[in-house]
Amino acid sequence: MKNINYIIWLSMVFGNSTETVWKILKSYNSADKAYYEIVSGICPIKFTYNQNKNIKNISLDNANDIIIYCDKNKIKITCYLFSDYPKQFINLRYPPVVLYYRGDISCVNGKNITCVGTRQPSRYTTEIILQ
């Protein structure tokens with residue numbers, strides 16, 4: 001998972017699915033080059049106050065900590081550069097740069113249904129989803 005830590009850092013600082021993170025990724029050949037130019041202050045892209053605050057407060061060690069945490073907890077990580085990244089996500093305006101998941105991510109490649117809401121669905125909701 002070469003350079004995934006730089007991609008995770010970018011998603012932590014600028015958001016995982018934002019115009020800014022994609023602008024950065026498209027402007028640079030690699031996430032590590034983007035990281036070094038951003039933290040050294042030579043990146044020509046102008047950032048908001050909160051983004052500059054994140055640049056100062058979020059370190060590459062924080063991204064590495066996420067990788068270690070995921071590894072210990074059997075959480076898999078993929079990103080837009082990897083072959084297992086769901087192809088239909090690329091069609092989104094600003095797809096998530098990084099995905100964290102458990103299980104088989106290839107099941108996302110078929111027909112899908114998403115239910116957003118409570119962590120404690122009613123019996124009716126559960127029955128409808130299972131249908």
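**Exercise 1.** What span should the 13 residues of α5 have at 1.5 Å a residue, and how far apart are its end C-alpha atoms?

*Solution.* The model is predicted: local features need pLDDT of at least 70, side-chain atom pairs count only at pLDDT 80 or more, and totals for chains, interfaces and linings use all residues. Residues are numbered from 1 along each chain as its sequence is written, and side-chain values use heavy atoms, without hydrogens and water.

Step 1. Helices are DSSP runs (H or I, at least four residues), and strands are E runs of at least two, numbered from the N terminus.
Step 2. The expected span is 1.5 Å times one less than the number of residues, so α5 should span 18 Å.
Step 3. The end C-alpha atoms of α5 are 19 Å apart, which agrees.

**Exercise 2.** Find which residues of α5 are buried and which are exposed.

*Solution.* 
Step 1. Buried means under 20% relative accessible area, exposed over 50%, partly exposed in between (1.4 Å probe, protein chains only).
Step 2. Leu 60, Ala 63 and Cys 70 are buried.

**Exercise 3.** Describe the surroundings of Thr 78.

*Solution.* 
Step 1. Thr 78 belongs to strand β1, residues 76–79.
Step 2. Its relative accessible area is 0%, so Thr 78 is buried.
Step 3. Beyond four places in sequence, its contacts (heavy atoms within 4.5 Å) include Tyr 85, Val 97 and Ile 105.
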